[in-house]
Amino acid sequence: MPASTQELLKIDGSTGEGGGQIIRTALSLSMLTGTPIEIINIRAGRAKPGLMRQHLVCVQASQSISDATVTDAHLGSTTFRFTPHAIKSGDYTFDIGSAGSTSLVLQTLLPALLFANVDEHSKSTVIIKGGTHNPLAPTTDFLTEAFVPALAKLGMQVDIELQQVGFAPIGGGSIKATIAPFLRRANTLPFKLTERGELVNITLVANVLNLDYDICKRELASAQASLVESGIDKTLITTHSRKLQGIGEGNTCYAQVTHKVGELSTQQQHQEMFTLLGEKRSSAENMGSRLAGLVKRYLFNTDALVDEYLTDQLLLPLALAGGGEFSTRMISGHTETQAWLIEQFLPVQIRFNTIDDNKILVKVVV
């Protein structure tokens with residue numbers, strides 16, 4: 001539907017969790033539905049309200065791919081209007097110009113570019129420069145090892161390549177995403193990640209950028225020892241480490257936990273990711289112990305399949321791909337705000353049904 005025939009939707013940016021996520025999701029949904037939007041009270045509860053650099057890049061990048069008309073969007077702006085037109089597949093490059101999160105900019109554009117064309121040969125590529133491993137944002141590793149495999153279960157074909165790593169405060173990183181237009185297939189299985197099956201393996205990874213490689217070895221040894229001590233079979237644990245390429249310095253460690261889904265006969269698997277970024281005041285041994293703690297909380301405190309952060313990111317793809325259901329450990333303020341915002345644009349219902357203290361069933365009904 002042409003944007004000119006749609007009524008303006010006014011969104012209060014201080015609703016719920018009230019952060020930058022409202023901006024990003026509103027831009028995605030505005031482009032997908034052709035709905036003009038006005039966002040007010042942007043990040044009103046934050047120490048520095050208004051649009052920061054990475055939010056502004058989200059607006060500018062969305063403007064670029066949808067030929068949108070934008071007013072009042074500038075650094076520090078607490079209100080802006082965005083009127084999208086046709087989404088265009090193509091090859092794009094965006095530079096945040098700081099260590100702002102490349103992942104968050106990509107997640108703004110990804111839903112729109114998945115629906116940019118019905119021609120299955122017109123892939124889009126997006127290069128985004130900035131921070132690849134940021135506090136309070138999904139790392140590139142999280143996207144490639146947890147988010148992309150979940151999208152694949154919906155039939156969404158996305159490939160994300162880490163071209164160069166970038167840690168805060170310097171940034172200097174680069175990611176490249178290749179996005180195929182989404183065509184729903186008649187034979188796609190319903191998205192159902194409700195029952196956790198057998199543990200397949202735990203992969204522990206530690207990487208450093210321009211720091212002592214010994215940090216990796218110590219993190220992995222600490223994490224593995226803690227997991228084995230808790231009763232996890234050592235043969236199910238694998239470890240990897242490497243030196244990253246880029247400017248600045250940094251350290252990241254993460255655990256990828258893979259389970260079968262449902263009954264043992266199923267071939268489907270689910271990958272969950274837990275990520276930490278190195279801190280100057282925290283020893284490598286402490287980092288490894290903390291990483292193991294995140295894994296143990298997931299393994300022993302709940303039998304839900306999906307953890308907090310992936311829950312937040314699955315709602316919009318599910319709403320666009322025909323719905324589905326999954327079990328999660330908890331519903332964050334982020335997730336509640338995301339659900340509310342999706343329902344402002346799309347004729348969907350998002351339900352959270354509590355099973356017990358550590359398990360909630362999420363249903364997206366289209």
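Predicted model: local features only at pLDDT ≥ 70, side-chain atom pairs only at ≥ 80, totals over all residues.
Setting aside neighbours within four places in sequence, Ile160 touches Leu106, Thr140, Leu143, Thr144, Val148, Lys176 and Ala177, where contact means heavy atoms within 4.5 Å. Residues are numbered from 1 along each chain as its sequence is written, and side-chain values use heavy atoms, with hydrogens and water left out.

Ile160 sits in strand β7, residues 158-164; strands here are DSSP runs of E with at least two residues, helices are runs of H or I with at least four, and both are numbered from the N terminus. With a relative accessible area of 10%, Ile160 is buried (buried is under 20%, exposed over 50%, partly exposed in between, using a 1.4 Å probe and protein chains only). Pro49 is 111 residues from Ile160 along the chain, and 31 Å separates their C-alpha atoms.

Thr311 belongs to helix α7, which covers residues 308-321. This threonine also counts as buried, at 0% relative accessibility. Its side chain reaches the backbone oxygen of Asp307 at 2.9 Å. Beyond the neighbours within four places in sequence, Thr311 is in contact with Val306, Phe326, Thr328, Ile331 and Thr335.

A search of the whole structure turns up one cavity of 30 Å³ or more. On a 1 Å grid over the protein atoms alone, a cavity is a set of points where a 1.4 Å probe fits but cannot get out, whereas a pocket is an open set with protein on both sides within 12 Å along at least five of seven lines; a lining residue has an atom within 4 Å of a point. Points are joined across faces, edges and corners, and a volume is the space filled by probe spheres set on them.

The largest cavity comes in at about 30 Å³, and Ala146, Pro149, Ala150, Lys153, His270 and Gln271 line it. Two elements, α4 (140-153) and β13 (269-277), each give two or more residues to that lining, with α4 supplying the largest share, four residues. By class, the lining has three nonpolar, two polar and one charged residues; Ala, Val, Leu, Ile, Met, Phe, Trp, Tyr, Cys and Pro count as nonpolar, Asp, Glu, Lys and Arg as charged, and the others, Gly among them, as polar.

The second largest pocket holds about 190 Å³ of space. Of its 14 lining residues, Leu189, Pro190, Phe191, Ala321 and Gly323 are the closest to its centre.

Methods
Polar contact = N/O pair within 3.5 Å; in protein donor to acceptor, adjacent residues only side chain to side chain.
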